[in-house]
Amino acid sequence: MERSGADRRSVIGGWIGNLPAPLALLNRFSITRYLLASVVSLAFDVALFMVLVAFLVDPGWASAAGYSVGIIVHWLISSSFVFPGKARNGAALQLQRLGFIGTAVLGLGITVSIVSGLTSAGVLPVMAKAAAVAVSFFAVYFTRKYGVFR
């Protein structure tokens with residue numbers, strides 16, 4: 001049986017309620033939770049990116065594949081942990097999902113453009129990916145915070 005959004009949040013909320021005081025304080029800020037979600041999804045993203053680059057896949061395509069997998073992980077974490085009180089039902093949930101997808105496309109475009117451009121200029125793929133991560137992180141966070149999950 002699938003848990004409802006409220007049930008998932010109560011499980012996560014119970015776990016968060018048991019955090020040590022310094023971590024609980026950090027949890028109060030959505031940017032901190034978003035950063036944690038980003039680190040987890042980035043691990044999936046970069047792992048796939050590096051595997052594909054090792055198999056000589058074009059870095060632009062590899063960054064697109066990695067980012068796409070990372071964004072699925074990020075949605076699962078963001079909707080239940082980062083912005084838990086902002087979940088919606090019905091049509092509002094569908095609009096929220098579309099907004100999340102829109103910001104994912106924004107981040108994907110930023111990532112692929114930066115990785116493709118920098119690797120074409122001779123920058124190592126991993127360094128190009130690092131630059132893309134830094135730029136897309138803030139662009140996507142602010143559009144989600146003030147748009148998708150407001």
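**View 1. Contacts of Ser38 with His74 and Phe137.** Leaving aside residues up to four places away in sequence, Ser38 touches His74 and Phe137, where contact means heavy atoms within 4.5 Å. The side chains of Ser38 and His74 are joined by a polar contact of 3.0 Å (a pair of N or O atoms within 3.5 Å; within protein, one must be able to donate a hydrogen and the other to accept it, and residues adjacent in sequence count only if both atoms are side-chain atoms). The model is predicted: local features need pLDDT of at least 70, side-chain atom pairs count only at pLDDT 80 or more, and totals for chains, interfaces and linings use all residues. Residues are numbered from 1 along each chain as its sequence is written, and side-chain values use heavy atoms, with hydrogens and water left out.

**View 2. Ser38 in helix 3.** Ser38 lies in helix 3 (residues 30-54); helices are DSSP runs of H or I with at least four residues, numbered from the N terminus. Ser38 counts as buried because its relative accessibility is 11% (buried means under 20% relative accessible area, exposed over 50%, partly exposed in between, with a 1.4 Å probe and protein chains only).

**View 3. Arg97 in helix 5.** Helix 5 (residues 90-120) contains Arg97, which is partly exposed at a relative accessible area of 35%. From C-alpha to C-alpha, Arg97 and Val148 are 8.1 Å apart in space, while 51 residues separate them in sequence.

**View 4. Leu124 in a loop.** Leu124 belongs to the loop between helix 5 and helix 6 (125-148). Its relative accessibility is 57%, so Leu124 counts as exposed.

Key: Helices (H or I, at least four residues) and strands (E, at least two) are DSSP runs, numbered from the N terminus.
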